[in-house]
Amino acid sequence: MTVGGVDGYCAVYSPALPEACFAVERSGADTQSQGDGHLPGEFLIAENAEEVWYEQNAPRTTLAALSEEPAAKLLVRCTELSSAEMAEIVRPLVDPVAHVTYSIDSGLLEISHPLATKGEALAYLLDCWDVPEEAVVAFGNMPNDMDMLQLSTWGVAVENAHHAVLAAADEVTASNDDDGVALVMERLLAE
């Protein structure tokens with residue numbers, strides 16, 4: 001996303017989701033390791049965020065400062081709603097300028113450039129490696145996997161996947177807790 005993009009998105013979301021808290025994920029060659037494996041600036045949380053994020057020790061900053069540098073992803077947290085409910089509110093506000101998805105359904109959205117998806121990444125790799133789409137088997141469990149599953153010849157959902165992923169999959173395997181991916185891989189490699 002562009003530098004001004006995060007600030008613009010935050011301004012749009014504030015009225016739509018007044019209880020929302022924001023964070024950004026950044027990455028780049030200009031970030032230097034602190035020696036503890038954490039890169040400065042790779043995860044920044046807006047200081048108004050009372051929610052507990054996964055990165056509890058991540059630096060806090062102002063909402064405006066989130067947009068000072070480009071971000072790979074804007075994260076929106078609102079524990080009063082499910083991620084699916086949040087996506088229904090936010091997606092019409094930013095589509096087609098940004099891609100809205102989620103990898104957990106507990107009130108967390110991931111917003112990125114519209115081409116920063118797993119499906120686009122897979123298509124890019126297939127092109128670089130000159131691999132036909134017919135050779136691809138993809139596995140997924142949440143809506144952020146949907147375009148990747150649809151691009152592949154054989155899309156496999158684990159049994160405990162999101163209902164939309166289950167409906168879109170060509171095959172449903174055992175849950176991730178029961179080694180569902182391994183079961184399919186073993187079968188395919190034995191063929």
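Me: Which side chain meets that of R187 in a salt bridge?

Reply: Happy to go through it; please keep in mind that this is a predicted model. The partner of R187 is E171, and the salt bridge between their side chains spans 2.7 Å from N to O. The two residues are 16 apart and link distant parts of the chain, with R187 in helix α6 (residues 180-190) and E171 in strand β9 (residues 171-173).

Now for the wider setting. The whole structure has five salt bridges, and one of them joins K118 to D145, with the closest N and O atoms 2.5 Å apart. K118 belongs to helix α3 (residues 118-129) and D145 to the loop between β7 (137-140) and α4 (146-151), so this pair ties together parts that are 27 residues apart in sequence. Here K118 is partly exposed, with a relative accessible area of 35%, while D145 is buried at 3%.

Another salt bridge brings together the side chains of K73 and E25, at 3.9 Å from N to O. Since K73 sits in strand β4 and E25 in strand β1, the pair ties together parts 48 residues apart in sequence. In this pair K73 is partly exposed, with a relative accessible area of 23%, and E25 is also partly exposed, at 29%. Through shared partners, salt bridges join E25, K73 and E110 into one network.

Terms used:
Residues are numbered from 1 along each chain as its sequence is written. This is a predicted model: local features need pLDDT of at least 70, side-chain atom pairs count only at pLDDT 80 or more; totals for chains, interfaces and linings use all residues. Side-chain values use heavy atoms; hydrogens and water are left out. A salt bridge is a side-chain nitrogen of Lys or Arg within 4 Å of a carboxyl oxygen of Asp or Glu. Helices (H or I, at least four residues) and strands (E, at least two) are DSSP runs, numbered from the N terminus. Buried means under 20% relative accessible area, exposed over 50%, partly exposed in between (1.4 Å probe, protein chains only).
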